[in-house]
Amino acid sequence: MTANRIWIYGGIALMFIVFLVAMTSGVVLKKPLTGKDNVLEQVQKIKQDINNNHWDTAQNDALKLNKAWHTVRTRILISSEKDDIKKIDERVESVMADVETKDKSSAFRQLNLIKDGFRELE
Amino acid sequence: MPESIIVIVRAIISFFSLLVFTRLLGKQQIGQLSFFDYITGITIGSMAASLTTDLSSRAISHWWGLFTWTAFAFGLQILTTKVRWWSKIIDGEPAVIVHNGMILERNMDRLNYKLSDLMEHLREKNVFNITDVEFAILETDGKLSVQKKSQYEPITPNDLNIPTKYKGVQTELISEGVILHQNLEQVHITEEWLLSELQKRGYPDLNKLNYVSLYTDGTLYIDTYEDHLVDETNMSDYEGPN
């Protein structure tokens, strides 16, 4: 095989590797990389806050959840389904509203849905 | 990240993946398509389009679909090349439709090929008289190959026993001002010879040359960017924007 062909085939293989990594990167990129993008941790914190009726803390944590989600969301846009991302968007908004209105049951439901949806994201 | 950027990224993945896959499948996907090749091409193209714009599903799913279809099409190509039996099953075989001037209705029925299809394809081959036809063969890609009766074929030098010179293929030497050194080597001429020949003919500047080719009899065809036409033929029949 000539050197040219090696370069061409190597280049093509590398290109496909990059594509496959980009398309499956969600599993890795949704994990916390910086200190402020741990979505599941924030979900857990909000649950605890609501359980203890610490609504002010819950509100702060809900804002942090929103921020964390938007950070992760940007990273996984290429690999994930648009509909799955949109659902989590809506649920995070819903949690923020539920915490503000102190609607415990709705907040818990939404938080659980966020947790399940987030785990299924790829 | 706006949706448009996601689409652009997926389009890049789809475009270059499709480029490699179709290159792998070779010329069968571009010309001389059997019906199955045609369907495969449409399906693969459809999957590439979905990969680009269907944001409601994961890019990797579409990509694997694209890859799988290409892999199967490629595998089938290999199989039909190596095993003639499979080639007959997958690609079919050419079928004789007209044999020694007689229409073979049984073959036409078997292939669901109507008389009107036959007449249409003959007209496309500039055959307006079925009596001119010796053989007509329906190929696997649906095209009709026609051999006319010898008395209706154009006369060739061979018919008149006229000897002819060898006529090979022209070789491009310069394209858009650039010397094609690989082609110079193929026809065993040097760059110095080429430049001196161009100089003799009044073309010292390569940048002014669009196309130069060498014929097998040694003549050079030279085309420049400037055409110096005195009276250019105007194909337009009536006034309007150019």
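A:Lys67 sits in helix 4 (residues 55–76) of chain A, where helices (H or I, at least four residues) and strands (E, at least two) are DSSP runs numbered from the N terminus. In this predicted model, A:Lys67 counts as exposed because its relative accessibility is 61%; buried means under 20% relative accessible area, exposed over 50%, and partly exposed in between (1.4 Å probe, protein chains only). Local features need pLDDT of at least 70, side-chain atom pairs count only at pLDDT 80 or more, and totals for chains, interfaces and linings use all residues. Residues are numbered from 1 along each chain as its sequence is written, chains are lettered from A and ligands numbered from 1 in the order in which they are written, and side-chain values use heavy atoms, leaving out hydrogens and water.

B:Leu25 belongs to helix 1 (residues 3–25) of chain B, and B:Leu25 counts as buried because its relative accessibility is 3%. Beyond its neighbours within four places in sequence, B:Leu25 is in contact (heavy atoms within 4.5 Å) with B:Ile44, B:Thr70, B:Ala73, B:Phe74 and B:Gln77. Between the C-alpha atoms of B:Leu25 and B:Tyr238, 213 residues apart along the chain, the separation is 46 Å.

Now for a loop. B:Tyr166 lies between strand 4 (144–148) and strand 5 (171–175) of chain B, in the loop there. B:Tyr166 is exposed because its relative accessible area is 70%.
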